[in-house]
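Good morning, and thank you for making time for this presentation. Please have the sequence and the model open while I speak.

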Amino acid sequence: MKWYLVASLLTILTSSQGILTTLSQTNGKYKYDYATIPFLAEVFKLIVSSVFLWRERKKSPPPKMTTDWKSVRLFPIPSVIYLIHNNVQFATLMYVDTSTYQIMGNLKIVTTGILFRLFLKKKLSNLQWMAIVLLAVGTTTSQVKGCGEASCDSLFSAPIQGYMLGILSACLSALAGVYTEFLMKKNNDSLYWQNIQLYTFGSIFNMARLVVDDFRGGFEKGPWWQRLFNGYSITTWLVVLNLGSTGLLVSWLMKYADNIVKVYSTSMAMLLTMVLSVFLFSFKPTLQLFLGIIVCMMSLHMYFAPPHMLVDIPPAIKSDPESLVNVPVDRKTDS
């Protein structure tokens, strides 16, 4: 399967995530425990990967599966990074408002490029670096509201702790993505075997979060497994299916493409969500949104287009044999 088809599908699914999550609410509130969504999504990804690995093992030759502990012990690390990242997100929102947090979140586009270069030793051209910066500028522009509004002023009035935590959050998000790509590409193991390792630890960490929530709440609502599906509707299950499918597509891109492709997919998904919200939720489009879309499209073209489409390279000058003139050369003879 071509990477751009997977990236396009990832864009569509990611853009529908926020819309489905909004539609799953009842009177602006969740009737279900939102912490169960990531857990069930991890379990879904684990089941799907197990089925595909089972089918793959029936073929000849069987897929490569590294089972030594030195390799397996690396797979919980992304889950640990995401766990820290989630806590940093909550801490950041204590100092900045939601709109400022969303804008600061675009820093992960640039930090992904930097870590991509430092840790994976992937060299980017100057045009590609410019494209990455343009993508961050475009997504930020689309999120900025009118300069006369209070949210515009709040962007520069947050405490220094908020900005530091925002930068840390962007770095952690990029680090988790880059490290996951390193895991997926460090050997020729089956993608599904690698997924099983990732999602097993992901399920364990998400289940641990549910247990911690129970202890914090004093088991007021009972243990998490008794209320796992409470309040679930068809739309809620679509959210789980969407989140799980998105994770499977991301792992495919990490294995056969790279982090930058994923960053472009998720950034374009954010813009697509805004456009769809105009029709679904009476969202009023702004000039900043249109400008942001144009800048992001320019960035997309600049990063992935061949260099000869971006820069006018003069054709090599070929000599015409008929235009060559024989020039006689006088040879001096010894007297």
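I shall begin with the basis of the model and its fold, then turn to the backbone, the salt bridges, the surface and the record annotation.

This is a predicted model, in which local features need pLDDT of at least 70 and side-chain atom pairs count only at pLDDT 80 or more, while totals for chains, interfaces and linings use all residues. Residues are numbered from 1 along each chain as its sequence is written, and side-chain values use heavy atoms, with hydrogens and water left out.

Let me start with the fold. The protein has 14 helices and zero strands. Helices here are DSSP runs of H or I with at least four residues, strands are runs of E with at least two, and both are numbered from the N terminus. Read from that end, the order of elements is α-α-α-α-α-α-α-α-α-α-α-α-α-α.

What share of the 335 residues counts as buried? The figure is 42%, where buried means under 20% relative accessible area, exposed means over 50%, and partly exposed lies in between, with a 1.4 Å probe and protein chains only. As for contacts, defined as heavy atoms within 4.5 Å, consider those with a separation of 6 or more: 83% of them come from residues 24 or more positions apart.

Next, the backbone. Ser 60 and Pro 61 are joined by a cis peptide bond, with omega about -5 degrees. Pro 61 sits in the loop between α2 (36-57) and α3 (69-72).

Which residues have a positive phi although they are not glycine? One is Lys 121, with phi about 55 degrees, in the loop between α6 (107-119) and α7 (126-143). Lys 121 counts as exposed because its relative accessibility is 64%. Another is Phe 219, also with a positive phi of about 55 degrees, in the loop between α10 (191-216) and α11 (234-256). At 39% relative accessibility, Phe 219 counts as partly exposed.

I now come to the salt bridges. The criterion is a side-chain nitrogen of Lys or Arg within 4 Å of a carboxyl oxygen of Asp or Glu, and by this rule there are six.

Among them is the pair Glu 42 and Lys 45, whose closest N and O atoms are 2.9 Å apart. Both residues belong to helix α2, three residues apart, which is about one turn of the helix. Glu 42 and Lys 45 are both buried.

Another pair is Lys 185 and Glu 181, with the closest N and O atoms 2.9 Å apart. Because these residues are four positions apart in helix α9 (residues 160-185), about one helical turn separates Lys 185 from Glu 181. Are the two partners buried or exposed? Lys 185 is partly exposed, at 33% relative accessibility, whereas Glu 181 is buried, with a relative accessible area of 1%.

A further salt bridge joins Asp 214 to Arg 227, where the closest N and O atoms are 2.1 Å apart. This pair links distant parts of the chain, 13 residues apart, with Asp 214 in helix α10 and Arg 227 in the loop between α10 and α11. Asp 214 is buried at 4% relative accessible area, and Arg 227 is buried at 11%. Salt bridges with shared partners bring Asp 33, Asp 214 and Arg 227 into one network.

Let us move to the surface. Accessible areas come from the Shrake-Rupley method with a 1.4 Å probe, and for residues only the protein chains shown count as cover. The accessible surface of the protein is about 20100 Å², and carbon and sulfur atoms account for 65% of that.

A nonpolar patch on the surface is formed by Ile 12, Leu 23, Leu 272, Val 275, Leu 276, Phe 279, Leu 280 and Phe 281, together giving about 720 Å² of accessible area. Two or more residues of this patch come from each of α1 (3-23) and α12 (259-280). Which element gives the most? That is α12, with five residues. Patch residues have over 30% relative accessible area and no salt bridge; like charges are joined within 9 Å, and nonpolar side chains (Val, Leu, Ile, Met, Phe, Trp, Tyr) within 5 Å. Leu 276, in helix α12, counts as partly exposed at 31% relative accessibility.

Finally, the record. An unreviewed UniProt entry annotates "transmembrane region" at several spans, including residues 34-54 and 127-144. UniProt positions are given in the numbering used here, feature names are shortened, and annotations may be inferred rather than shown by experiment. In the model, residues 34-54 are 90% helix and 0% strand, with end C-alpha atoms 31 Å apart. Residues 127-144 are 94% helix and 0% strand, and their end C-alpha atoms lie 26 Å apart.
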